[in-house]
Every structure is written in C-alpha cells, then in structure tokens.
Amino acid sequence: MDERALLLLGILKSQSLHGYQINEFIDKNLSRITSMKKATAYALLDRLKAANFISVREDQEGNRPPRKVYSITPSGDQEFYKLLRKNLSEQDNSSFKGDIGLMFLDHLSKEETIDCLMVRLNDLTEQIKELQKVPKHTFSRGIDLSIEHHLVCKQAERNWLLLVIEKLKKE
C-alpha cells in the first residue's frame, strides 16, 4: 500500500461514501495535491476491500442504479494509522524531469535555452498564482499545510530558475 491508499482510507475515516463522492472530493479539494485518476481510485478501492481494509455495501436511491458505498473497517483503521505514521516520517525522493533537459542544454544556443527556460518560468509562475488562490480548508489543517508545502517548493523552484536564467544571460 502507498500514499494513495492512505488518501482513500483517510477520506473514508470521516464517513462512508460511494465511489463518485470519493472521486468528487479528490477532484474538488485535493487536485493540487494528488493526480489520482478515477480508474486508479476504483482499482485501489477493490484492493483495499480484498485486504479487508474497507467494506462495501450496495445502496439504492429511488430509480437510480445501485451504488457501492465504501466504509473503513477496524483493520482498515489500523492500516490507516500505520500508513499515516510511515508517510509522515518519510522524506520524499524527488526527481525533476526537467533536469534531464538541463543536462543537455549545451546542445542549444544560449538564446534558445533561455527562451525555453522562460516558458518554464512563466508556467511555474502561473502554478504559484493558482496555489496562492486556494482557499483555506475547514476540513483539515493538514490540507492547508500540504498546499503550503507545494507553494513553498514551487516558489523555491521559481527563485532557482530566475538565478539560472540570469547566470546564462551573463555568460
């Protein structure tokens, strides 16, 4: 199990939900923190059920088709705390796919390299602006801390990128 299982178990700790509600919550509230796709969430819910970490019951409202409602089990609650402690204790091993391009920037002219890095800088600046617009969450102070973490990392990346561009301009 990984951080995605922790995410799903954590969501189910507060209440039982059907799959659509889980995915809607992730899309609306956590899309800046995780890029979990709906298919991944459903596949992981099946794995969590097979491991007896969640239970599933059918719920039917009116003429609608039945929906699966997911609930955390006592063993799922134990797994949640195990995953939570492990996740909070671990340091991420970050890899930056843009670093591959940096290794080969000498194959472009200085001007073209700077132009490419400026596009990257503009995109990063837009991401920072979007993160700064995220409203505070009343659901969990941890969501706010996670958004803040992403913001600080993006700002550090932006500051570093500005230095690199200035360094290249002076060469």
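Contact here means heavy atoms within 4.5 Å. I also keep in mind that helices (H or I, at least four residues) and strands (E, at least two) are DSSP runs, numbered from the N terminus.

I am working with a predicted model, where local features need pLDDT of at least 70, side-chain atom pairs count only at pLDDT 80 or more, and totals for chains, interfaces and linings use all residues. Residues are numbered from 1 along each chain as its sequence is written, and side-chain values use heavy atoms, with hydrogens and water left out.

**Entry: H1 and H2**

I began with the pair H1 and H2. Which residues of H1 meet H2? I found Leu7, Leu8, Ile11 and Leu12 on the H1 side, and Ile22, Phe25 and Ile26 on the H2 side. Sorted by type, this contact has seven nonpolar residues, no polar and no charged. For that sorting, Ala, Val, Leu, Ile, Met, Phe, Trp, Tyr, Cys and Pro count as nonpolar, Asp, Glu, Lys and Arg as charged, and the others, Gly among them, as polar.

The axes of H1 and H2 come within 11 Å and cross at roughly 110°. Axes are lines fitted to C-alpha atoms, for helices over the stretch in contact, and angles run from 0 to 180 degrees between N-to-C directions. I noted H1 and H2 as roughly perpendicular to each other. The cut-offs: under 35 degrees is roughly parallel, over 145 roughly antiparallel, 65 to 115 roughly perpendicular, and the rest oblique.

**Entry: H1 and H3**

Next I looked up H1 against H3, which pack at an angle of about 80° with their axes 10 Å apart. That makes H1 roughly perpendicular to H3. H1 brings Arg4, Ala5, Leu8, Leu9 and Leu12 to the contact, and H3 brings Thr40, Ala41, Leu44, Leu45 and Leu48. I sorted these residues of H1 and H3 into eight nonpolar, one polar and one charged.

**Entry: H2 and H3**

How do the axes of H2 and H3 cross? For helix H2 (residues 19–29) and helix H3 (residues 38–50), the axes come within 10 Å and cross at roughly 130°. H2 and H3 are therefore oblique to each other. From H2, the contact takes Gly19, Tyr20, Ile22, Asn23 and Asp27; from H3, Lys38, Ala41, Tyr42 and Leu45. By type I get five nonpolar, two polar and two charged for H2 with H3.

I then picked Asn23, found in helix H2. Is Asn23 buried or exposed? At 4% relative accessibility, Asn23 counts as buried. (Buried means under 20% relative accessible area, exposed over 50%, partly exposed in between, with a 1.4 Å probe and protein chains only.) Not counting residues up to four places away in sequence, Asn23 touches Lys38, Ala41 and Tyr42.

**Entry: the cores**

A nonpolar core is a set of buried Ala, Val, Leu, Ile, Met, Phe, Trp, Tyr and Cys residues joined through side-chain atoms within 4.5 Å. The largest one has 28 residues, and Leu8, Ile22, Ile26 and Leu48 touch the most other members. Helix H1 (3–14), H2, H3, helix H4 (74–89), helix H6 (110–133) and helix H7 (141–170) each supply at least two of its residues. H1 gives the largest share, seven residues.

I checked Ile26 too: leaving aside neighbours within four places in sequence, Ile26 is in contact with Leu7, Leu8, Ile11, Ser31, Thr34 and Met36. I also found a second, separate core of eight residues, including Leu117, Val164, Ile165 and Leu168.

Asn52 sits in the loop between H3 and strand E2 (54–59). Its phi is near 65°, a positive value in a residue other than glycine. Most residues other than glycine have a negative phi. I have Asn52 down as partly exposed, at 47% relative accessibility.

Gly101 belongs to helix H5 (residues 98–103). It is partly exposed, with a relative accessible area of 45%. Twelve residues separate Gly101 and Thr113 along the chain, and their C-alpha atoms are 9.8 Å apart.

At 62% relative accessibility, Glu171 counts as exposed. How far is the C-alpha atom of Glu171 from that of Leu17? I get 58 Å, for residues 154 apart along the chain.
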